[in-house]
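Next on the list is one protein, and I will go through its overall layout. Please look at the model while I talk.

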Amino acid sequence: MAISSTQAIPATQAVPQHVAIIMDGNGRWATRRHLPRTAGHAKGVQAVRRVVEACGRRGVRYLTLFAFSSENWRRPPEEVSLLMRLFVQALEREVDKLNEQGVRLHVVGDMSRFEPRLQALIADAQVRTAANDRLHLSVAANYGGRWDILQATRAMLSQHPELARDPQRIDESHLAEHLSMAWAPEPDLFIRTGGEQRISNFLIWQLAYAELYFTDQYWPDFGAAELDAAFEWYRTRERRFGRTSAQLREDAAR
């Protein structure tokens, strides 16, 4: 299990080791072109491919993409249906390419609402790429940050029922080990495209000390150049983790 940034100071590098992205703006990209919203989602799949390849080339080890939130079920049924079809098609078409590139695929979220075929494709893709370690690609699907904390709490109490009788014994590590991405370090850089400036129930535990980067660029237009701009901004950030700037300068001088 990775150590929390509130418990220890993580190492930092010029290239973020874990990038988390909310891929926003697909529908608005299509609307501005007088296309159906569904066309924007289809175009967004191409952006996913570009960003996965770019992250692999730049040395990113973990990339987490918010593909479908637990709140997205509220969207029009035809849009939800299309998103599910795109997910199936991506798994059918892209897993071999991911394997060739040394990418390990993880899907995090509540899989129970997905149709059996999609669940089977997810399971197969994760098994087929399990030996890869160049880049860990996590797709958050039917995922919500509050759901994640709730399911982790339930799992913690199921495994350690004695903690319910003595809650003062509970510390951060008890809960963190049951979060859906307990195996990964916390994100260094969070990116949201599409102009909105909120985290929308995405990785709300894990983003405690992430640098938050917002861009007006719609997701279908996002690619390597836009990723590099985010990384350049990231390099200007002073990552203190509760310390002072003077302390950082002292550490650098040692």
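The C-alpha centres of domain 1 and domain 2 lie 28 Å apart. Those bounds come from an automatic or database domain assignment, which gives domain 1 as 18–143 + 189–235 and domain 2 as 145–179. Where they meet, eight residues of domain 1 are in contact with nine residues of domain 2, contact being heavy atoms within 4.5 Å.

A word on the source. This is a predicted model, with local features needing pLDDT of at least 70 and side-chain atom pairs counting only at pLDDT 80 or more, while totals for chains, interfaces and linings use all residues. Residues are numbered from 1 along each chain as its sequence is written, and side-chain values use heavy atoms, without hydrogens and water.

Now the whole chain. The radius of gyration, taken over C-alpha atoms, is compared with a globule rule of 2.2 Å times the number of residues to the power 0.38. For 254 residues a compact globule would come out near 18 Å, so the 19 Å of this protein agrees. Along the principal axes, the C-alpha atoms fill a box of roughly 55 × 45 × 35 Å.

How much of the protein is buried? Of its 254 residues, 46% count as buried, meaning under 20% relative accessible area with a 1.4 Å probe, protein chains only.

On sequence separation, take the contacts between residues at least 6 apart: 76% of them join residues at least 24 apart.

Conventions
Buried < 20%, exposed > 50% of the residue type's maximum accessible area, 1.4 Å probe, protein only.
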